[in-house]
Structures are given as structure tokens and as C-alpha cells.
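Let's take a friendly walk through a protein model together. Have a look at the picture first, and then read on.

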Protein chains: 2
Amino acid sequence: MTVSFTIKQADGASRTGIVTTAHGEIRTPAFMPVGTAATVKAMTPEAVVQTGADIILSNTYHLMLRPTAELIAKMGGLHKFMNWNNPILTDSGGFQVMSLSKLRKITEQGVVFRSHLDGSEYNLTPERSMEIQHLLGSDITMAFDECTPFPVSEGEAEKSMQLSMRWAQRSKDSFIKRDGYGLFGIVQGSVFPKLREQSADTLKQIGFDGYAVGGLAVGEGQELMFEVLDYTMPHLPTEHPRYLMGVGKPDDIIGAVLRGVDMFDCVIPTRAGRFARAYTDEGEKNIRNAKFAEDPRPLQENCPCPACTSYSRAYLHHLFRAEEMLGATLLTWHNLTFYQQLMQGLRDSILAQRVRQFADGFLLKYKGLQE
Amino acid sequence: MTVSFTIKQADGASRTGIVTTAHGEIRTPAFMPVGTAATVKAMTPEAVVQTGADIILSNTYHLMLRPTAELIAKMGGLHKFMNWNNPILTDSGGFQVMSLSKLRKITEQGVVFRSHLDGSEYNLTPERSMEIQHLLGSDITMAFDECTPFPVSEGEAEKSMQLSMRWAQRSKDSFIKRDGYGLFGIVQGSVFPKLREQSADTLKQIGFDGYAVGGLAVGEGQELMFEVLDYTMPHLPTEHPRYLMGVGKPDDIIGAVLRGVDMFDCVIPTRAGRFARAYTDEGEKNIRNAKFAEDPRPLQENCPCPACTSYSRAYLHHLFRAEEMLGATLLTWHNLTFYQQLMQGLRDSILAQRVRQFADGFLLKYKGLQE
């Protein structure tokens with residue numbers, strides 16, 4: 001057994017269930033905080049658990065450069081290294097190579113690139129990506145793919161998708177099976193229905209433990225993203241978890257869950273937290289705004305996070321004005337808690353078969369009072 | 001009753017006891033972490049409590065500029081504002097005005113200075129300092145004094161000390177007495193025995209709830225500092241707490257406790273933590289040092305802090321290399337824990353009347369293996 005997925009309840013296209021891995025269970029729909037460099041920025045692992053997260057994502061690209069996968073393996077693997085004893089999903093490195101590194105050369109074999117840290121040259125292939133993720137000890141390994149740029153012509157998108165599919169097969173071939181550890185394939189094909197369908201069919205034929213939708217949240221906008229999900233999701237097997245990579249804002253997540261997505265990751269709640277932006281049930285707030293300077297109220301009523309239970313908006317405002325690190329910690333804590341509360345709301349309402357009502361109610365408050 | 005002090009045991013000049021304040025008890029000898037801008041940098045208040053700290057220090061100068069004492073009072077006082085429900089000592093602002101602000105004009109009345117933040121002009125007098133500390137709600141208020149520069153001539157030191165003594169009287173006169181809240185006087189006089197004695201005598205005549213030694217840790221070095229303590233401490237009343245301001249490194253603290261000091265504050269453990277410097281029972285370590293890159297051992301054996309119980313030196317090294325905030329948090333956590341463990345060791349060994357042996361044993365290991 002690799003990783004298993006049990007669906008407890010469906011409601012329309014939405015489902016709630018449990019993914020079981022070597023390091024424990026993931027309640028779906030799930031949001032994975034991003035721990036790029038073996039730490040969820042500004043948070044202790046204990047704090048991340050307290051927000052309600054079952055799983056985090058870490059980045060192959062960053063870790064292969066520093067401190068290297070080999071060093072992490074020598075230290076007992078990523079879980080032990082970063083003191084996170086719950087599931088970890090690692091991406092394949094493909095996306096970051098495209099977005100962060102310099103002097104990329106893409107061949108059939110893989111990608112040659114220069115580190116954004118020191119310019120030294122690296123090789124990343126499907127086989128090497130599998131090896132790195134194995135060394136890290138990821139519960140969920142992602143197949144190595146090329147992230148198709150956006151916008152792109154259909155011809156280019158097809159060429160890129162076909163390369164990713166050959167790399168998906170090589171990823172599968174070199175992935176070392178272990179109990180409780182799984183491999184997910186990634187559907188590409190940009191915004192072209194036929195390509196998305198072909199990609200999904202190819203991946204199903206290869207056979208994966210889960211299916212991700214890649215190449216979205218790259219500037220296409222929510223409407224187009226939902227459109228892609230509308231014609232892509234029906235081609236993904238219902239019995240495996242489906243993961244929408246790099247998404248998103250609360251309303252993106254809600255729309256994707258309504259379309260049958262089970263897993264998400266995004267830097268938004270952590271990055272926003274470090275830059276004074278809070279996600280609340282009344283929409284986004286920039287706590288640096290002068291109107292919060294003397295506001296004695298909690299950031300959000302009824303939020304269980306420490307930023308809301310123990311401090312005023314005035315104090316959070318002060319921390320950012322004074323450039324105190326605790327500000328980033330508390331706002332990250334809040335944002336991650338807000339995201340996890342949203343996921344809990346989605347799970348509960350799917351179980352009660354009223355996810356559409358939950359979504360409508362949430363969005364009405366969230367968007368209605370948007371500042 | 002203002003604040004009370006009960007000595008449980010003496011051992012030579014050292015004593016261990018309890019200072020009781022409106023917000024709880026302080027076990028002495030005590031180390032007060034510094035929370036300059038209403039936060040102990042990089043730490044949550046819960047984490048500060050976990051290190052073993054009974055009391056923190058906060059800075060009048062910083063808080064009067066931002067967010068202002070009036071705002072903090074409106075938010076329910078400093079304890080509530082920063083979510084610290086244990087004792088707080090505030091300094092008087094005098095030291096920071098001298099070290100941080102610009103365009104100072106010192107008169108009999110007080111100090112006129114410009115904010116280091118925005119250049120705007122402020123007035124600080126003994127009466128205003130008392131008012132600010134009252135607005136903040138400090139358990140222990142410090143008298144307003146002029147921090148005599150170092151080195152200085154005896155004549156200058158005497159003039160400065162006499163001014164501080166007149167300000168001490170005005171501080172006492174304007175301090176608003178409340179149950180559980182106390183006012184400490186500050187002995188000045190630089191490195192001149194006669195001046196220190198005169199200053200101590202004047203303060204005793206005015207009458208304070210505790211007596212601080214000021215004007216040290218300003219570049220005079222440990223030997224001279226201990227010399228000043230040797231001839232100053234005998235002039236301070238034994239029945240009140242004695243506080244050595246701005247000190248220090250672990251060996252400074254040990255030497256001062258052996259000379260009868262009960263309370264300390266210093267930015268060293270917090271500042272060092274943010275700059276990758278760890279205080280351990282084997283001396284100081286710079287965790288950025290390349291030799292720690294693959295070191296699987298904890299920072300310090302038998303240390304109860306999370307940096308030591310949950311992570312390797314290799315991971316801490318990685319966090320600083322990757323400029324991750326968690327590095328500052330974990331090393332601050334460790335350093336504060338190390339300081340509090342030292343204070344606990346001093347308290348226990350005074351109780352057992354073997355403080356000299358404890359000090360010798362600690363320093364042998366600490367200095368013997370200094371890197």
C-alpha cells in the first residue's frame with residue numbers, strides 16, 4: 001500500500017475524506033501550508049499543528065540547493081530535520097526551476113539550471129527529482145514536470161505537456177515504493193480542453209496515487225482557472241485525491257472544492273502574514289492601515305488563533321510599525337488558522353451535504369465587506 | 001504596601017528570595033529579558049514564560065515615542081497590550097535618551113530631545129517619566145536619572161550624580177503609590193567610591209522599594225565593574241532588592257550575584273539569538289560557523305528548550321544560512337532558557353549555601369571550553 005484515500009461523503013462534485021500516509025492522516029479538503037526551506041516561515045512546527053494543518057508542503061528546488069537532500073537524509077530525513085512529524089508533500093522542483101533559477105536548458109533528459117543562490121550548475125531529471133524526494137522522505141512525492149508558461153500557443157502547450165507525460169512515466173519508473181508513501185502525477189495542457197483530457201488519460205494509464213492539476217495560478221485569473229477545472233476534473237479518477245497546485249485565495253479554494261478538488265497549497269497566507277495582510281471572515285485587512293492604530297478589537301471575532309484571542313488590532317498594528325518579528329508570526333498564525341477554519345467548514349458542510357450553502361454564506365460575508 | 005521583598009537564604013553576600021508585585025512573584029536572583037517595544041523580540045509571551053522568566057523589562061523611551069504611553073493606557077495598560085500577565089519593570093527613559101536620541105539639552109528641569117524615529121521634539125522630566133510608567137502600569141518603576149557617560153572626570157561625575165539625586169527626589173515625590181507597585185532609585189557616581197557612597201546615602205534617605213546600580217556596563221569592563229560593586233553594594237540596604245542595570249554576560253551575572261545583586265536585565269541573550277550566537281554551558285557558539293553544517297547534536301545537551309530538544313545544530317545552522325526567522329526565535333529561546341537555568345542554579349546553590357562552588361563549576365566549564 002502506498003497512500004490510501006477514503007471518501008467519507010460527497011456533495012455534488014465535492015468530497016470529504018481521509019488520505020492516509022506513513023506519517024498520519026490528512027483530512028480533505030486539505031490546505032497545505034508551504035514550508036519552502038524546511039520551515040513554515042515565522043512559525044514553529046507546534047504552532048503550525050495548532051492552526052489545524054495536517055500536512056505541509058516543502059520545496060525540492062530549495063532543499064536540493066541548500067542544505068541539500070543528501071545532508072537532510074544524513075540527519076534522518078526532512079521530518080526529523082525540521083521537527084514535523086506529520087505528513088509532508090514535496091513538489092518536484094520543476095516549477096521553481098522555471099520561476100527562480102537562471103540559464104535553464106530543457107532537453108528530453110531534464111533541466112540544466114543555475115542556482116539562484118550562487119550560480120552553480122545543477123541537473124534535474126525525473127530520476128533525480130525522485131531520488132531527492134526519496135532522500136527527503138516525503139510522504140507524497142510529485143512527478144517531475146515542465147510547468148508550461150502562460151499564455152502559450154496550443155502547439156507549444158502540447159509539446160510541453162507531452163514532455164511532462166514522458167517525464168511522468170520516468171518518474172513512476174524510478175519512484176521507490178514504500179508503505180505509506182505515494183506518488184502523484186500532474187495534469188498539464190494549459191487552457192486547452194483537448195490537451196488536459198489527453199494529459200489526464202495518459203496519467204491514468206501510467207497510474208498514480210493521486211492526480212494534481214498543474215500549470216494554473218500562473219496569471220490566468222480565477223474565471224479561466226475555474227473553466228479549466230470544469231473540463232479537467234471529470235477526467236480525473238474519483239477514487240484518488242485531486243490536488244490543485246499553488247492555489248490560492250479563499251474564494252479560489254472554495255470554487256475548486258465545489259469542482260471536486262481535495263488538496264491545495266499556497267504561499268498566500270504565510271507571505272501575506274509577513275507583510276501585514278490578514279485574511280478574515282470580512283475579507284482582507286492591511287493591519288498597517290492607520291485606522292487600526294487605536295482599535296482595541298481582536299483582528300477577527302471568534303477566531304481561535306492567539307493573534308485574535310490575546311491581542312488587539314492596535315497591538316498588531318504597533319508590531320508592524322515597530323518592525324517586530326512577532327507581528328509576522330502572529331499574522332501568519334492567524335492567516336493559517338483562517339485557512340484551516342475554512343477547510344474545516346468545507347469538510348463539515350460536505351459531510352452535512354450543504355457545501356453550496358456554506359460557500360454562499362462564506363463568500364457573501366467575505367466579499368460583501370471586502371475593504 | 002508597594003512591592004515586598006522576602007529573603008529566603010543568604011550565602012556570603014549572595015541572597016535568594018522573592019519580590020512580590022501586583023502581577024506576581026519574582027524569584028531572585030532574577031534575570032529580566034528585555035521587551036523594548038512591548039515585545040521580547042522574536043518570542044511569544046508564552047515562550048518567554050516557558051524559558052523560566054518571572055519578569056520582563058520594557059523601555060519607557062521607545063514606548064513613549066511609539067505607540068505612546070497614552071495609547072497603551074487606553075488599551076488597558078502594557079500587560080494587557082502585550083499579553084504579559086507577569087511583572088514588568090520599566091526603565092525611566094534616561095539611558096535611552098542619552099544613547100539613542102539626538103539634540104539633547106539637559107537642564108535642571110529635565111531633558112529635551114529629538115526622537116530617533118522621526119526627529120520630533122520631546123520633553124522628559126522626572127515627573128513625566130513617572131507619569132509614563134504609571135500609564136504603562138509598570139510593577140516596578142525606575143527613578144528618572146542622567147546616565148553619566150564613561151569615562152568621565154570626578155567633577156563631571158559628581159555634578160551628574162547630584163542632578164540624578166535631585167531627580168530621584170522628584171521621582172519619589174511624583175510617583176503615585178499603589179498596592180503591589182514599587183519605585184526603585186538608581187545609584188550613580190561612575191567609578192568613584194565616594195560618589196557612589198554619597199549617592200547610595202541620598203537614595204536611602206529618600207527611601208525606595210529597591211536600589212539599582214546604574215552607569216555600569218557602559219564600556220568600563222568587568223574588572224572595574226566588579227570593583228564598583230565591591231565598594232557600592234555595602235552601602236545599599238540589605239532588606240531591599242538590588243538591581244544591576246544592563247548587565248550582562250553570564251560571568252558578569254555570576255560575579256555580581258556573588259557581590260549581592262538580586263536583579264539583572266540585558267539585551268545580550270535576545271540580541272545574540274537574532275545574530276546566530278548561542279550561549280551554552282560550554283561557552284559561546286556562533287551557529288553560522290561551517291563546522292555546524294553537518295552536526296547532528298543538539299546545541300546543548302540537557303537543555304530543556306525546544307531548540308535543543310527538537311533540533312540539531314545542523315538545522316539551526318541551516319535556518320540562519322537560509323535567513324529564516326525561526327532561527328532567531330529558536331536561538332533567542334535557547335539563550336533566554338540558558339540565562340534562566342543559570343539563575344535557577346544560582347538560586348538553588350544559594351539556598352544550599354554553596355553558591356561559590358556552583359559559580360566555580362559553572363565558570364570552569366563555561367570558560368574552559370570557550371571557543
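The report below goes from the pair of chains to the parts within them.

## About the model

This is a predicted model, in which local features need pLDDT of at least 70 and side-chain atom pairs count only at pLDDT 80 or more, while totals for chains, interfaces and linings use all residues. Residues are numbered from 1 along each chain as its sequence is written, and chains are lettered from A, with ligands numbered from 1, in the order in which they are written.

## Two copies and their axis

Chain A can be laid on chain B by a turn of 180° and a shift of 0.0 Å along the axis, giving an RMSD of 0.0 Å. The superposition is by least squares on the C-alpha atoms of residues with pLDDT of at least 70 in both copies. The two copies are thus related as by a two-fold rotation axis. In chain A, the C-alpha nearest this axis belongs to A:Met325, 3.9 Å away from it.

## Where the chains meet

Here 31 residues of chain A are in contact with 31 residues of chain B; contact means that C-beta atoms, placed from the backbone, lie within 7 Å. On the chain A side, two or more residues come from each of helix H3 (69-74), helix H4 (78-82), helix H13 (313-321) and helix H14 (325-351). Helices (H or I, at least four residues) and strands (E, at least two) are DSSP runs, numbered from the N terminus. H13(A) gives the largest share, five residues.

By class, this side of chain A has 18 nonpolar, seven polar and six charged residues. Ala, Val, Leu, Ile, Met, Phe, Trp, Tyr, Cys and Pro count as nonpolar, Asp, Glu, Lys and Arg as charged, and the others, Gly among them, as polar. Because 100% of the interface residues of chain A are also interface residues in chain B, the copies meet through the same surface.

## Two domains in chain A

Chain A is assigned domain 1 (4-266) and domain 2 (275-368), with bounds from an automatic or database domain assignment. Their centres, taken over C-alpha atoms, are separated by 27 Å. Domain 1 brings 26 residues to the contact and domain 2 brings 24. On the domain 1 side, H10(A) gives the most, with six residues.

How many of the nine residues of H10(A) are buried? Seven are, which leaves the helix mostly covered; a buried residue has 20 or more other C-beta atoms within 10 Å of its own, an exposed one 12 or fewer, and a partly exposed one falls in between, with C-beta atoms placed from the backbone. Among the buried residues are A:Pro250, A:Asp252 and A:Ile253. Just after H10(A), A:Gly260 takes a positive phi of about 100°.

## Strands in chain B

Eight strands of chain B form an open sheet with parallel pairing, in the order S4-S14-S13-S12-S11-S10-S6-S5. Two strands pair if DSSP finds at least two bridges between them. Strand S4 (30-32) and strand S5 (56-58) stand at the edges with a single partner strand each, so one side of each has no neighbour in the sheet. Within the sheet, S6 (88-90) and S10 (140-142) of chain B pair over two bridges, and B:Leu89 has B:Ile140 as its bridge partner.

Another pair in chain B runs antiparallel: S7 (102-106) and S8 (111-114), joined by three bridges. A hairpin of four residues links S7(B) to S8(B), and B:Lys102 stands opposite B:Arg114. Of the five residues of S7(B), the number buried is zero, so this strand lies largely in the open.

Definitions and conventions. Two residues are in contact if their C-beta atoms, placed from the backbone, lie within 7 Å.
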